[in-house]
Amino acid sequence: MVASRIGSALGKGLGIDVDAHKSQVPDNLVRRGAELISPSEPFIEELPTIKGWFLSQASNGRDIVSYVVGLFPFVKWIGRYNMRWLFADAAAGCTLGLVVIPQGLSYALLASLSPEYGLYTTFSGAALYWLFGTSKEVVVGSTAVVSLLVGKTITNVIDKHPDFSREEIAATHAFLAGCIFLVLGLLKLGWAVEFIPHVATSAFVTAAAITIGLGQVPTLLGISGISTRGPSYQVFIDTCKGLGRVKMDAAVGLTALALLTIIKRLCDYMIKKQQSHHSQREGSEETQDGALAGRKNREKLWATFNSLRFLFTVSLYILVSFLVNRNIPLSDAKFRIVGPIPAGFRHVGPPALRPELINALLPELPAVVIIIIIEHIAIAKSFGRKNGYNISTSQELISIAATNIAGTFVGAYASTASFGGSAVLSKAGGRTPLAGVFNAVLLLLTLYVLQSVLYWIPLASLAALIIHAVTNLIEPPAHVFRMWLISPSDVVIYFVGVLTSIFSSLENGIYVTIALSAGLLLVRLARAQGKFLGRVRIRQYPKPREYGQGSNMPSRDVFFPLDRKGVSNPSIHVELLRPGVFVYRFPGGFNYFNQAQHMDLLLEYIREETRQTETVHYERPSDRPWNEPAASGAPETPAKPTLKALVLDFSSVNGTDTGAIEGLVELRDQLQRWAKPNHVQWHFANIEDPWVRRGLAVAGFGYPNKEDMKATKNWIPVFTLAELEGPPRTENSGLRESIDDAERGYAGAEMASRGSGREAATHGINYPNFHVDLVSAVEAVAGLATIGEDV
């Protein structure tokens with residue numbers, strides 16, 4: 001009350017009548033409604049306020065503690081950690097380490113860095129993710145796609161600023177990306193990830209796989225002098241021109257690629273064979289005993305061998321390289337090898353945060369930030385759904401923020417979730433996120449003990465590993481065809497994105513697909529066609545159980561589009577409502593950029609289907625407004641009714657704005673001029689958003705106008721009632737006070753009056769033109785009809 005008085009005083013000082021909208025409310029509206037539904041309890045609706053919104057967003061001390069504890073999800077399960085989990089995590093983590101070590105070495109080459117940086121990056125993710133992550137399968141480390149983007153970023157920055165080193169560019173790049181993830185995570189903005197369309201991700205990953213594969217072919221074949229930083233089509237052309245310069249590396253690379261492919265296909269075949277054998281024997285006695293366990297163990301064995309094919313291949317070619325090149329200087333090796341790798345962490349230190357470097361990296365950040373988020377969240381959600389738990393998108397952003405920020409202090413570059421590594425960890429049977437720690441221990445041993453072994457790795461074998469890994473990233477034709485069946489427009493956007501990435505750059509490809517998807521979404525929202533509805537009486541078949549054999553089951557009303565262009569049977573008869581009454585359904589929202597289309601359609605259709613209530617006569621032709629067509633001289637056909645009422649279905653409207661509400665007000669004025677001296681009734685159905693109700697109420701909707709209330713002595717609005725919860729209440733001392741407050745505009749839900757009935761109004765009786773559904777709204781139109789109205 002005090003706040004209302006202060007607001008009124010401030011309004012008067014500024015020349016604002018803060019209660020102007022309340023003057024449109026008919027006198028005794030609430031009292032008459034309460035009398036009509038008596039003895040049922042009335043309900044007085046309170047419109048939302050800015051103060052109430054801020055209070056609902058405020059956090060108490062308990063919320064703050066919960067927020068802080070939620071930043072470290074491991075505290076929820078670390079207290080229950082046991083030896084069984086420990087053994088499972090240790091086995092899974094060691095198995096994972098054998099897979100990610102060769103991958104990390106190879107992916108670092110994509111980032112234009114020496115191989116040890118891939119191990120630094122994978123180590124950071126393994127050591128830190130368990131503290132902040134919400135998935136037990138996700139493995140954070142170096143990936144092919146992100147490594148490629150990092151390599152392109154390094155090349156672009158060095159071209160403009162040759163004084164920066166590759167290592168400091170990569171570290172600062174990861175640090176800045178991590179800061180962005182940290183802000184998004186702390187502000188709980190994980191929901192913003194959903195703005196990135198799936199088709200953009202698919203197009204980018206496919207194009208990145210093609211780009212990576214084509215970029216590794218020169219290394220696979222030993223062809224030197226080819227720039228792999230240009231568009232993919234140019235790399236392909238240059239590679240074809242350089243086929244005459246193929247070296248011994250091709251023998252290593254091609255055989256390694258063939259070996260990886262053979263092992264994968266063999267393992268996939270054996271896994272499917274075990275699964276098909278199990279399905280054929282399912283239900284027999286044998287499947288109930290040890291035979292089932294044996295088949296599962298064999299299936300798991302083949303899956304493990306399939307996961308270790310990278311380690312097996314790299315180990316084999318390390319042996320071959322050692323035998324061939326052990327007595328030869330590095331410069332005279334038969335084929336290119338990795339060479340010396342420093343032991344341990346030789347690049348420890350903070351990232352370089354020089355303003356010149358930051359400014360050079362800012363244009364490169366959007367693409368890598370988008371891809372890291374998409375890749376990580378998609379993988380985390382996929383394994384969460386598969387294994388029956390939910391992940392927190394905002395918390396996952398904090399986890400990759402931690403790995404990208406802290407990792408830069410040990411030399412890591414940008415990282416995200418690895419699908420291949422996550423799949424291995426899932427199949428290896430890890431029980432908690434702590435399995436990553438054992439992976440980190442194995443990586444430490446590799447950095448400090450096995451660097452002399454890594455010296456002999458052929459670069460062509462790493463190129464074969466990369467090409468083999470990225471082939472699985474390309475969308476298969478079956479998936480593209482399914483996308484076509486679901487949404488043909490997405491397929492067009494998909495190919496536009498892929499071709500843009502191949503002929504221009506990956507960054508342009510993802511920007512184009514996101515822009516096209518966003519543009520298509522806006523067009524759909526702005527140009528969605530509303531529908532005028534008619535009534536159809538339906539019956540359900542089969543009959544519900546409460547209706548016995550031979551009993552007549554009551555029918556109910558539903559509303560179908562009058563144009564019969566929807567999905568329902570076009571032969572069904574749709575009944576027109578009372579002449580001069582129109583029902584309109586908004587599709588997909590009602591806001592400033594689609595309101596003009598809806599208002600134009602409503603005005604044009606209603607004027608076409610009705611006649612003007614009174615004809616305006618002009619003494620001279622020049623008195624007629626320029627935009628009003630001249631009378632034809634023929635009397636207006638009496639078949640057309642005059643406009644009586646408009647019912648708007650807001651079932652798909654979950655928010656609105658001043659532009660949309662002002663559009664409705666303008667339409668109301670235009671239709672009122674068309675129908676004068678009669679008044680057009682406005683009814684609304686299915687408004688669930690309280691702020692939409694507030695906007696409409698302030699604009700004068702939600703209740704009949706004063707003239708209608710005076711002209712209609714037998715005013716019978718339609719209210720919906722429902723049974724009260726709890727024991728009957730007999731006190732009604734607050735009834736008069738609540739109704740009086742409502743009439744003065746100070747109504748509140750907490751002041752709902754007490755009645756003696758067992759039923760109460762489901763919605764506020766102070767807004768009788770806001771209805772629970774279309775049936776009630778249409779019935780209310782008939783209830784407000786004045787006797788003797790023409791049709």
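**Charged pairs and a nonpolar patch**

Modeller: K136 has a relative accessible area of 25%, which makes K136 partly exposed. Keep in mind that this is a predicted model.

Colleague: Which residue forms a salt bridge with K136?

Modeller: Side chains of opposite charge can pair when their charged atoms come close. For K136, the closest N and O atoms of the pair are 2.4 Å apart. A salt bridge needs a distance within 4 Å. The partner of K136 is E137.

Colleague: Is E137 buried or exposed?

Modeller: Buried means under 20% relative accessible area. E137 has a value of 2%. Therefore E137 is buried.

Colleague: How many salt bridges does the structure hold?

Modeller: The pair K136 and E137 is a salt bridge. R535 and E575 form a salt bridge too. For the structure, the number is 10.

Colleague: How many residues apart in sequence are the parts that R535 and E575 tie together?

Modeller: R535 and E575 form a salt bridge, with the closest N and O atoms 3.5 Å apart. R535 lies in strand β3, residues 531-538, and E575 lies in the loop between β4 (556-561) and β5 (581-585), so the pair ties together parts that are separated in sequence by 40 residues.

Colleague: What does E575 count as, given its relative accessibility?

Modeller: Exposed means over 50%, buried means under 20%, and partly exposed lies in between. E575 has 36% relative accessibility. So E575 counts as partly exposed.

Colleague: Which strand holds D557, the partner of R537?

Modeller: R537 and D557 form a salt bridge, their closest N and O atoms being 3.2 Å apart. The pair links distant parts of the chain, 20 residues apart. R537 is in strand β3, and D557 is in strand β4.

Colleague: Now the surface. Which helix gives the most to the nonpolar patch?

Modeller: The patch includes I64, Y67, F72 and L182, and its residues together have about 690 Å² of accessible area. Helices α4 (61-70) and α8 (166-186) each supply at least two residues. With 5 residues, the top contributor is α4.

Colleague: What is the relative accessible area of I64?

Modeller: I64 sits in helix α4. I64 is also part of the nonpolar patch. I64 is partly exposed, because its relative accessible area is 48%.

Notes: Residues numbered from 1 in each chain as written. Predicted model: local features only at pLDDT ≥ 70, side-chain atom pairs only at ≥ 80, totals over all residues. Heavy atoms only, no water. Salt bridge = Lys/Arg side-chain N within 4 Å of Asp/Glu carboxyl O. Buried < 20%, exposed > 50% of the residue type's maximum accessible area, 1.4 Å probe, protein only. Helix = DSSP H or I, 4+ residues; strand = E, 2+ residues; numbered from the N terminus. Patch = residues over 30% accessible without salt bridge, like charges linked within 9 Å, V, L, I, M, F, W, Y side chains within 5 Å. Areas by Shrake-Rupley, 256 points an atom, 1.4 Å probe, with all protein chains shown as cover.
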